[in-house]
Amino acid sequence: MKRLHLHVSVPDITQAVAFYTTLFDAQPDVVKDDYAKWMLDDPRVNLAISSRARATGVDHVGIQVDTPDELAALATRLHAAGNATFDQAATTCCYANSDKSWVTDTAGVRWETFFTHGEATSYGEDEVLPDAAAGACCAAGPACC
């Protein structure tokens with residue numbers, strides 16, 4: 001089953017954690033000094049916030065999948081539609097180990113499709129992505145999912 005992902009860059013983690021905890025009436029599943037994440041079932045969303053971004057606001061949206069096959073199917077559909085993707089295998093980002101496929105939609109919105117296969121002890125390294133994926137996670141700064 002797929003889950004919508006939304007990453008918001010915030011100026012103050014403590015204030016944002018308090019706001020989203022109240023909004024969703026749920027404690028975050030992950031809390032770090034620069035990052036927090038809620039894995040909600042109602043609505044079915046993976047909401048991540050961080051204070052590492054270049055600018056505040058919505059950083060990117062995405063679809064989290066439960067299996068590598070679901071990720072491959074999404075990447076195949078994006079390629080079939082003629083979209084250039086940037087694929088990352090076994091990457092560390094947002095205190096998690098994941099495989100990802102990034103794309104930018106026709107309105108310039110960055111979409112991350114990903115399968116998470118483990119936790120990580122660090123946020124991850126910021127990566128420079130090719131021009132085709134400019135703006136994708138970790139592209140020109142630490143705004144990662």
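R44 and D41 form a salt bridge, with their closest N and O atoms 3.5 Å apart (a salt bridge needs a side-chain nitrogen of Lys or Arg within 4 Å of a carboxyl oxygen of Asp or Glu). Please keep in mind that this is a predicted model, where local features need pLDDT of at least 70, side-chain atom pairs count only at pLDDT 80 or more, and totals for chains, interfaces and linings use all residues. Residues are numbered from 1 along each chain as its sequence is written, and side-chain values use heavy atoms, with hydrogens and water left out.

**Salt bridges**

- The rule gives a count of 5 salt bridges.
- R44 is partly exposed at 26% relative accessible area, while D41 is exposed at 62% (buried is under 20% relative accessible area, exposed is over 50%, and partly exposed lies in between, using a 1.4 Å probe and protein chains only).
- R44 and D41 also belong to a salt-bridge network that includes R3.
- R110 forms a salt bridge with D59, and their closest N and O atoms are 2.9 Å apart.
- That pair joins distant parts of the chain, with R110 in strand β8 and D59 in strand β5, 51 residues apart.
- Both R110 and D59 are buried.
- E112 forms a salt bridge with K100, with 2.7 Å between the closest N and O atoms.
- E112 and K100 are both buried.

**Strands and overall layout**

- The protein chain holds 2 helices and 8 strands (DSSP runs numbered from the N terminus: helices are H or I of at least four residues, strands are E of at least two).
- Read from the N terminus, the order of elements is β-α-β-β-β-β-α-β-β-β.
- β1 (residues 3–9) pairs with β5 (residues 57–65) in the antiparallel sense, over 7 bridges (two strands pair if DSSP finds at least two bridges between them).
- Within that part of the sheet, V8 has V58 of β5 as its bridge partner.
- β5 also pairs with β8 (residues 110–119), here in the parallel sense and over 5 bridges.
- G62 has E112 in β8 as its bridge partner, and E112 is also the salt-bridge partner of K100.
- Of the 145 residues in the protein chain, 46% count as buried.
- Among contacts with a separation of 6 or more, 56% join residues 24 or more positions apart (a contact means heavy atoms within 4.5 Å).

**The largest pocket**

- The largest pocket has about 160 Å³ of space (a pocket is an open set of points on a 1 Å grid over the protein atoms alone, with protein on both sides within 12 Å along at least five of seven lines, and lining residues have an atom within 4 Å of a point; the volume is the space filled by probe spheres set on the points, which are joined across faces, edges and corners).
- Of its 11 lining residues, V30, K37, Y95, E119 and A120 are the closest to the centre.
- β3 (35–41) and β8 are the elements that give two or more residues to this lining.
- β8 contributes the most, with 3 residues.

**Confidence**

- Mean pLDDT for the protein chain is 81, and 82% of its residues reach 70 or more (pLDDT is the predictor's confidence in each residue, from 0 to 100).
- Over residues 131–145 the pLDDT is below 50, and this stretch has 52 contacts in the model beyond near neighbours in sequence.
- Where pLDDT is low, predicted coordinates should not be read in detail.

How values were computed
On a 1 Å grid over the protein atoms alone, a cavity is a set of points where a 1.4 Å probe fits but cannot get out, and a pocket is an open set with protein on both sides within 12 Å along at least five of seven lines; lining residues have an atom within 4 Å of a point.
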